[in-house]
Amino acid sequence: MIRAWVKPHRLGLLAVALGLVVWAGVSLRWDWIPRYWGLGLEGLWRTLWLLALSVLIGFSLAVPLGLAQAAGPRWLAAPARWFCTIVRGTPLLLQIWLIYYGLGSLFPQYPWIRQSDLWPYLRQAWPYALLALSLSYAGYEGEVMRGAFKSVPHGQLEAARAYGMSRWSILRRIWLPQAMARALPTLGGETVLQLKATPLVATITVIEIYSVASRVRQDTFIIYEPLLLLALVYMAIAGLIALAFRWLERRFTRGLA
């Protein structure tokens, strides 16, 4: 690892990066950070759990969507295909607005909803943001899982049936693990894109890390410093996501081997 980092081009890039950090620390204004530190941590936390929950919920929907398109009957494959087509064919911002201004304005019209225990949550914006992000991730990853399921050699599935394995055992022990190993590189990239999509929820008043940077810019008229810090935060989170998916890829590859 050390030998890989002492190559001339990497040392040059590292020197340039350190120079930029020193220049930014000396030449730019950072006195606004203590004032917005608490709000920034709150926005970062909301960004992280929105990302984690939307990926978890979206992937749990993507697996049956992909399986229905790859091997399901027509009455299951057609709705799954239409769902993925609509989600992938419309902007995420439009989906967020349709869900928030659609369901969000529909629920208050029913007294039994306003009097239920769910109303304190339904009157907030984040459930609609989470729903929109989850459905968007499910639509894209459903298509990825469809291709991953179809890429598993059909002969392995036929051999498992010949050995008398049940459909659930074939899916759990053969089909899904190999499909996951093929889909993980794409899923990692799509998760990074999901991270970059989270700033769109600021348009429906959800306070996440991007909206905090926007508030700093509006209050102090400082433009570049919040955006540079925001870029570093997104790069750090994206790097951690990439490392996590590489670890998952190695684990799945080792398990299949």
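In what order do the elements of the chain run from the N terminus on? In this predicted model, the elements run α-α-α-α-α-α-α-α-α-α-α-α from the N terminus, and the chain holds 12 helices and 0 strands. The radius of gyration is 23 Å, well over the 18 Å that the globule rule gives for 257 residues, so the chain is more spread out than a compact globule. The C-alpha trace spans about 70 × 65 × 30 Å along its principal axes. Of the 257 residues in the chain, 37% are buried. When contacts between residues at least 6 apart in sequence are considered, 78% of them join residues at least 24 apart.

Two packed helices are described by the angle between their axes and the distance between the axes.

Helix H5, residues 92–106, and helix H8, residues 126–151, have axes that come within 9 Å and cross at roughly 140°. An angle of this size makes H5 oblique to H8, and the crossing of the two helices is right-handed. On the H5 side, the contact is made by Leu92, Gln95, Ile96, Ile99, Tyr100, Leu103 and Gly104. The residues on the H8 side are Tyr128, Leu131, Ala132, Leu133, Leu135 and Ser136. By class, the contact of H5 with H8 comprises 10 nonpolar residues, 3 polar residues and no charged residues.

Two residues of this contact can be followed individually, one from each helix. Gln95 is found in helix H5 and has a relative accessible area of 11%, which means that Gln95 is buried. With residues up to four places away in sequence not counted, Gln95 touches Ile86, Val87, Thr90, Ala132 and Ser136. Ala132, in turn, is placed in helix H8. The relative accessibility of Ala132 is 1%, so this residue counts as buried. The C-alpha atom of Ala132 is separated by 9.2 Å from that of Val201, and the two residues are 69 residues apart along the chain.

H8 also packs against helix H4, residues 74–89, at an angle of about 115°, with the axes 8 Å apart. The crossing of H4 and H8 is left-handed, whereas that of H5 and H8 is right-handed. From H4, the residues that meet H8 are Phe83, Cys84, Val87 and Arg88. Their counterparts in H8 are Leu135, Ser136, Ala138, Gly139, Tyr140, Gly142 and Glu143. The contact of H4 with H8 divides into 6 nonpolar, 3 polar and 2 charged residues.

Gln156, Leu157, Ala160 and Arg161 in H9 meet Ile170, Ile174, Trp175 and Gln178 in H10. The contact of H9 with H10 has 5 nonpolar, 2 polar and 1 charged residues.

Gly189 is also placed in helix H10. With 36% relative accessibility, Gly189 counts as partly exposed. The C-alpha atoms of Gly189 and Ala238 are separated by 9.3 Å, and these residues are 49 residues apart along the chain.

Positive phi values were examined in two loop residues. Thr205 has a phi near 70°, a positive value in a residue other than glycine. Thr205 is placed in the loop between helix H10 (167–197) and helix H11 (209–220), and at 61% relative accessibility Thr205 counts as exposed. Phe221, which is not a glycine, has a positive phi of about 60°. The position of Phe221 is in the loop between H11 and helix H12 (224–256). The relative accessibility of Phe221 is 73%, so Phe221 counts as exposed.

Notes
Residues are numbered from 1 along each chain as its sequence is written. This is a predicted model: local features need pLDDT of at least 70, side-chain atom pairs count only at pLDDT 80 or more; totals for chains, interfaces and linings use all residues. Side-chain values use heavy atoms; hydrogens and water are left out. Axes are lines fitted to C-alpha atoms, for helices over the stretch in contact, and angles run from 0 to 180 degrees between N-to-C directions. Helices (H or I, at least four residues) and strands (E, at least two) are DSSP runs, numbered from the N terminus. Angles under 35 degrees count as roughly parallel, over 145 as roughly antiparallel, 65 to 115 as roughly perpendicular and the rest as oblique. A crossing is left-handed if the near helix is turned anticlockwise from the far one by less than a right angle, and right-handed if clockwise. Contact means heavy atoms within 4.5 Å. Ala, Val, Leu, Ile, Met, Phe, Trp, Tyr, Cys and Pro count as nonpolar, Asp, Glu, Lys and Arg as charged, and the others, Gly among them, as polar. The radius of gyration is taken over C-alpha atoms; the globule rule is 2.2 Å times the number of residues to the power 0.38. Buried means under 20% relative accessible area, exposed over 50%, partly exposed in between (1.4 Å probe, protein chains only).
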